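Look at the sequence and the model below before reading on. The paragraphs that follow go through the structure part by part.

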Amino acid sequence: EYDWNNQTRERRLTGYYVHRGLQVDLRDISKLGLLLEESTDLGVNQANPPQFDTSRRDDLTREALAKAARDAKLNADTVAETLGARVGDVRRISTTNIGFRPPPAPMMMERARTMAADAGGGADTFSIGEIRVTADVTVEFDLLVD
């Protein structure tokens with residue numbers, strides 16, 4: 001790292017900054033505490049919160065889309081029946097806000113710090129919370145009046 005001296009128009013070396021980090025795909029959550037502890041023993045000096053994901057993301061997204069589509073049809077049927085009509089063919093379908101939301105980072109980081117401080121089995125108490133998969137489906141139907 002350097003300082004700039006405006007008077008002498010020179011830069012002066014003030015020291016060195018070293019960043020050591022790693023990125024790991026961990027499939028066994030019970031090993032997270034041990035991983036955090038050992039990474040700091042190896043010299044890792046900066047840690048970001050764990051980012052949780054699921055290997056079933058694509059399947060869960062499709063499941064969420066299917067549920068949202070069924071819900072759209074039930075809602076359309078309810079409204080049409082209330083109006084004395086029925087739902088006809090699908091005219092248009094769109095999906096928006098398909099999302100994947102892991103647990104909030106502050107909660108995860110606090111739990112990770114607690115685990116790292118607890119050398120005796122902190123991973124057993126780690127709670128990741130819920131991973132949410134969402135999907136919004138908009139369907140436009142023909143409205144059939146009898």
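How many helices and how many strands does the protein have? It has 3 helices and 4 strands. Along the sequence they come in the pattern β-β-α-α-β-α-β. Keep in mind that this is a predicted model. Of the 146 residues in the protein, 19% are buried. Contacts between residues at least 6 apart in sequence can be sorted by how far apart the partners are, and 72% of them join residues at least 24 apart.

Strand S1 covers residues 2-5 and strand S2 covers residues 10-13; they pair in the antiparallel sense over 4 bridges. In this pairing, Tyr-2 stands opposite Leu-13 in S2. The hairpin has 4 residues between the strands, and Arg-9 takes a positive phi near 55° there. Tyr-2 also has a charge over its ring: the charged end of Arg-11 sits 3.9 Å from the ring centre. As for pairs of aromatic rings, a search of the whole structure finds 0.

Next comes helix H1, residues 32-41. Which of its residues are buried? They are Leu-32, Gly-33, Leu-36, Glu-37 and Ser-39. These residues lie on the same side of H1, because they cover an arc of only 165° around the axis. Just after H1, Gly-43 takes a positive phi of about 105°.

Helix H2 takes up residues 57-82, 26 residues in total. From its first C-alpha to its last it reaches 37 Å, which is close to the 38 Å expected at 1.5 Å a residue. The buried residues in H2 are Thr-61, Ala-64, Ala-68, Ala-72, Ala-76 and Ala-80.

Why does Thr-61 count as buried? Its relative accessibility is 18%, and the word buried applies under 20%. Which residues is Thr-61 in contact with, leaving aside its neighbours within four places in sequence? Thr-61 is in contact with Ile-98 and Val-133. After H2 comes Gly-84, whose phi is positive, near 75°.

Conventions
Residues numbered from 1 in each chain as written. Predicted model: local features only at pLDDT ≥ 70, side-chain atom pairs only at ≥ 80, totals over all residues. Heavy atoms only, no water. Helix = DSSP H or I, 4+ residues; strand = E, 2+ residues; numbered from the N terminus. Expected span 1.5 Å × (residues − 1). Buried < 20%, exposed > 50% of the residue type's maximum accessible area, 1.4 Å probe, protein only. Phe/Tyr/Trp six-rings, centres within 6.5 Å; stacked < 30°, edge-to-face > 60°. Lys NZ or Arg CZ within 6 Å of the ring centre and 35° of its normal. Pairing = 2+ DSSP bridges. Contact = heavy atoms within 4.5 Å. Arc of directions from axis to C-beta.
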